[in-house]
Amino acid sequence: GYPLLFLLVFGVVARAAVGPCESLLTMSGNQNICAAVYAMTLAFNIGLNVVLIPLFGLWGAAMATAFAMIFEAAALSFTVWRKLGIVMAIFVPIKGAA
């Protein structure tokens, strides 16, 4: 399982790159949207597991989890941007910043 951790790190890095999006959504009264993002992520993860585990075994499970974590990070970051106008992704430049 040790090599699989290197694949899973991509999901963790993506999640860390968007910061505390879920806390920001919850504190701003958007907890229902945050819960919906988590529900979509769960469904996405289950669907990927159903498809990828029979094809790739443990590697499929690791890929599904990493992709789901990347999806979660992107969805939370997009939701914060749309609802609050705050850019939460570290890889997205802020307009007007020098």
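Tyr2 and Phe6 sit together in helix α1 (residues 2-17), 4 residues apart, about one turn of the helix. Helices here are DSSP runs of H or I with at least four residues, strands are runs of E with at least two, and both are numbered from the N terminus. The model is a predicted one: local features need pLDDT of at least 70, side-chain atom pairs count only at pLDDT 80 or more, and totals for chains, interfaces and linings use all residues. Residues are numbered from 1 along each chain as its sequence is written, and side-chain values use heavy atoms, with hydrogens and water left out.

## Aromatic pairs

How many aromatic pairs does a search of the whole structure find? The search finds 3. Rings of Phe, Tyr and Trp (its six-membered ring) pair if their centres lie within 6.5 Å; planes under 30 degrees apart count as stacked, over 60 as edge-to-face and the rest as tilted. The rings of Tyr2 and Phe6 have centres 5.3 Å apart and planes at 85°, so this pair is edge-to-face. For Phe78 and Trp81, the ring centres are 5.8 Å apart and the planes stand at 50°, so this pair is tilted. Phe78 and Trp81 both belong to helix α4, 3 residues apart, about one turn of the helix.

## Buried or exposed

Next come some single residues and their cover. Buried means under 20% relative accessible area, exposed over 50%, and partly exposed in between, with a 1.4 Å probe and protein chains only. The table lists residues with their values.

| Residue | Relative accessible area | Class |
|---|---|---|
| Tyr2 | 59% | exposed |
| Ala17 | 7% | buried |
| Ser77 | 11% | buried |
| Thr79 | 12% | buried |
| Trp81 | 43% | partly exposed |

Over the chain of 98 residues, 31% count as buried.

Ser77 lies in helix α4, which covers residues 58-84. What does Ser77 touch, not counting residues up to four places away in sequence? Its partners are Val18, Cys21, Met88 and Ala89, where contact means heavy atoms within 4.5 Å. Val87 is 10 residues from Ser77 in sequence and 7.2 Å from it in space. Ala17, found in helix α1, is 60 residues from Ser77 in sequence, with 9.4 Å between the two in space.

Thr79 is also part of helix α4. Leaving aside neighbours within four places in sequence, Thr79 is in contact with Leu25, Ile33, Val37 and Leu84.

Trp81 is another residue of helix α4. Trp81 touches Ile86 and Val87, not counting residues up to four places away in sequence. Trp81 and Cys21 are 60 residues apart in sequence and 9.7 Å apart in space, C-alpha to C-alpha.

## How α1 meets α4

Which way do α1 and α4 run relative to each other, roughly parallel or roughly antiparallel? Their axes come within 7 Å and cross at roughly 10°. The axes are lines fitted to C-alpha atoms, for helices over the stretch in contact, and angles run from 0 to 180 degrees between N-to-C directions. Angles under 35 degrees count as roughly parallel, over 145 as roughly antiparallel, 65 to 115 as roughly perpendicular and the rest as oblique. α1 and α4 are therefore roughly parallel to each other.

On the α1 side, the residues making the contact include Pro3, Leu4, Leu7, Leu8 and Phe10. On the α4 side, Leu58, Trp59, Ala62, Met63 and Thr65 are among them. The residues of the contact of α1 with α4 divide into 16 nonpolar, 2 polar and 2 charged. Ala, Val, Leu, Ile, Met, Phe, Trp, Tyr, Cys and Pro count as nonpolar, Asp, Glu, Lys and Arg as charged, and the others, Gly among them, as polar.

## The whole chain

The C-alpha atoms fill a box of roughly 45 × 35 × 15 Å, taken along the principal axes. Of the contacts in the chain with a separation of 6 or more, 70% come from residues 24 or more positions apart.
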